[in-house]
Amino acid sequence: MPPSEPLVELNGITKSYAKPVSLFKRQTLRAVDGVSLSVRQGETLGLVGESGCGKSTTGQIAARLLAPSGGKLLYRGEDVTGAGAGALRRALRRRIQYVFQDPFTSLNPRFPIGRLLGEPLKINRLCGRKERQLRVGEMLETIGLDASYAKRYPHELSGGQRQRIGIARALILNPEFVVLDEPVSALDVSVQAQILNLLKKLQREFSLTYLFISHDLNVIHYMSDKVAVMYLGKIVETADVDSLYSRPLHPYTQALMSFVPADDLRAKREKIILKGDLPNPLAIPAGCPFQTRCAHVHERCLSAAPSLKEASPGHSVSCHLYA
Amino acid sequence: MREAAAIATEASLLDIRNLQIRLRRTRGAGLSVLDGVSLTVERGETIGIVGESGCGKSVLSLSILGLLPSAMRIGGGEIWYEGRHPLHTMTDRDIRAFRGKEIAMIFQDPMSSLNHGLTIGYQITETLRLHLGYSRKEARERAVWLLRKVGLPRPESLLREYPHQLSGGMRQRVMIAIAVSCNPGLLIADEPTTALDVTIQAQILDLMRQIREEDGTSILLISHDFGVIADMCDRVLVMYAGQIVESGTVDDLFERPLHPYTAGLLRSIPTPAKKNSPLYSIEGHVPALHERGAGCRFASRCAHATERCRTEQPELVAYRGGHAARCFLAEAEGGNRHAAV
Ligand SMILES: Nc1ncnc2c1ncn2[C@@H]1O[C@H](COP(=O)(O)OP(=O)(O)O)[C@@H](O)[C@H]1O
Ligand code: SF4
Ligand code: SF4
Ligand SMILES: [Mg+2]
């Protein structure tokens, strides 16, 4: 399948929360602020950024687990932002799946694995009991566990096995698009390698499209075709993986990339150590959101917010240095 | 055996000899959590400890501070500080006087060691008044100085704030300010940056480097991140299933890992050059306490395991430059190992 048409598009997506700041006062927190992204069929879009910058919120909106406050969500070119009822809603529920960082918290500890995996099939009334068992067995095999695991309980599994179950539960409905939210962040490096290999294998076998969320730059590089860098609710840079890692443009991305270890871990790199802290998310200053930590901040950055513009074909950045 | 009363300047800052940590009670009685762990930390040195979760890294650091969970006890071995303080036999009361003053610790999650209900100022000044007998005013002045030293803005007003009002990176800096407040000789940092983002992580590591240089503090750095270890440490210890399986300088260990476990961990890191090939992974899992057999503890996951490996326990053997490994294969090759294991 040629990776051509966008399967999923986010168009100016915004999500606001009202946060109480005192007994009588609430303030609006913009967790996601005008995010536009598109993921093409069969590709992986990596989403990277600091914790709390809005990656999960964006992912949940893309997976239709959360309704945006503004903007549009398109699936195969069709506006599905408000697809609230009927056949379309049911179809999307199967085609789009979400995998959490720690699937354990979302798995009922009292159900055996077999039942946990069969549940989505049952809820969606896709097949009878016999076939359900068969599909569960097949799915366990696909993710590298033998059929006897159907009788085990979540607490009997290691972190890596639990993540395999989380992935299996998402895939059993044969989805097209899967949002993976920090799926290996809680795992040790050797187990992480197993899960990353598995995710790539499954992507090939079932021609899956991924939105892959992580704060780990190595992992993002390994998994992604394209990468979007997020900072305080906004996309500050997006490009294909090679050009982002070899020619980062945004000062924040440049700092991030200076920490990607060389293949020889001992090679010392010139690291860009940022000064200053993240601003309070409830009091993001006017102008560029990165100004409190940017070494290139100039007058214009304090008053006018830059917007995402194409700097070279396929490579966009939101920074006054390039406008 | 060396004399316990060796002259302080000659002794290592920290000297752990053949430490055994056992389970206390009923079912697990006799099972060893740590087995024959020996290590030294010299003045001004940074030692790294790596290994998968559950290998005993945190238990090791807690044992140094007399903070073992109640189900565990020291079942053998010695822990000497400056060659004259036997931490392994000290009473809780004596060791408490050491903690925070001579040996300080920072944890992965600063929220778990900061008190939610007390101001930042109270938590810093309390340590200073307790250990160094500072007056309220002296302690306050030093607290402001410390907060500034760790790079926190507007220190005076921070003193009146509570931990939950700060970001993760700021809280970790407060923890470090408290940890270094009494100029400890040894700073134990257990995954100090794991919960933080890369740019903040870099700031915190930079701060630890600065403290090491300015105050000559030694650091025992526990991390599962080889990048962090390579960046910060002089020497590294690799732990597996309660034992040290390899140790050496950062250069030796990364360039020529002797133990298949170390080599496997290094190979499974998804560095950019590996993008288009499947990653190497160590199948299986770290054996639980009751699963450890008589042989090499890595045998169940090792591609090179032989019959001997499954029945006999390899010793930690030192080769050229003090590079040591606990592996029969390394022994057979006399520590001359260049190809990827
Ligand atoms: N249900 C919610 N109610 C209020 N605030 C929320 C909610 N979910 C997330 N937030 C806030 O939105 C911001 C972005 O969060 P999140 O999307 O989880 O970021 P990330 O995944 O990048 O760590 C954070 O400040 C977070 O506290
Ligand atoms: S717009 Fe200004 S402050 Fe923002 S990243 Fe660019 S140079 Fe820095
Ligand atoms: S002793 Fe044997 S099983 Fe253990 S690491 Fe060496 S080769 Fe592998
Ligand atoms: Mg998240």
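Residues are numbered from 1 along each chain as its sequence is written, and chains are lettered from A and ligands numbered from 1 in the order in which they are written. In this predicted model local features need pLDDT of at least 70, side-chain atom pairs count only at pLDDT 80 or more, and totals for chains, interfaces and linings use all residues, while side-chain values use heavy atoms, with hydrogens and water left out.

Q: What makes the radius of gyration of chain A agree with a compact globule?
A: The radius is taken over C-alpha atoms, and the globule rule is 2.2 Å times the number of residues to the power 0.38. For 323 residues a compact globule would have a value near 20 Å; chain A has 21 Å, so the two agree. The C-alpha trace of chain A spans about 70 × 50 × 45 Å along its principal axes.

Q: Why is chain B called as compact as a globular protein of its length?
A: Its secondary structure comes to 13 helices and twelve strands. The globule rule gives 20 Å for 341 residues, and chain B has a radius of gyration of 21 Å, which is close, so the description holds. Its C-alpha atoms fill a box of roughly 65 × 50 × 40 Å, taken along the principal axes.

Q: What counts as a helix or strand, and how many are in chain A?
A: Both are DSSP runs, numbered from the N terminus: helices are H or I with at least four residues, strands are E with at least two. Chain A has ten helices and twelve strands.

Q: Which residues of helix H3 of chain A are called buried?
A: Buried means under 20% relative accessible area, exposed over 50%, partly exposed in between (1.4 Å probe, protein chains only). In H3, residues 113–123, the buried ones include A:Ile113, A:Leu116, A:Leu117 and A:Leu121. Their cover includes helix H4 (129–142) and helix H5 (159–171) of chain A. Just after H3, A:Arg125 takes a positive phi of about 45 degrees. Over the whole of chain A, 51% of the 323 residues count as buried.

Q: What does A:Ala18 touch, not counting residues up to four places away in sequence?
A: Contact means heavy atoms within 4.5 Å. A:Ala18 touches A:Arg26 and A:Gln27 on that count. A:Ala18 lies in strand E1 (residues 6–20) of chain A.

Q: What makes a space a cavity, and how many of 30 Å³ or more does the structure hold?
A: On a 1 Å grid over the protein atoms alone, a cavity is a set of points where a 1.4 Å probe fits but cannot get out; a pocket is an open set with protein on both sides within 12 Å along at least five of seven lines; lining residues have an atom within 4 Å of a point. Grid points are joined across faces, edges and corners, and a volume is the space filled by probe spheres set on the points. The structure holds seven cavities of 30 Å³ or more. The largest cavity has about 90 Å³ of space. Of its 15 lining residues, those nearest its centre include A:Cys288 and A:Cys294.

Q: How much space lies in the second largest pocket, and which residues are closest to its centre?
A: About 650 Å³ lies there. Of its 23 lining residues, the closest to the centre include B:Arg99, B:Gly100 and B:Ser113. H4(B) gives the most to this lining, with five residues.
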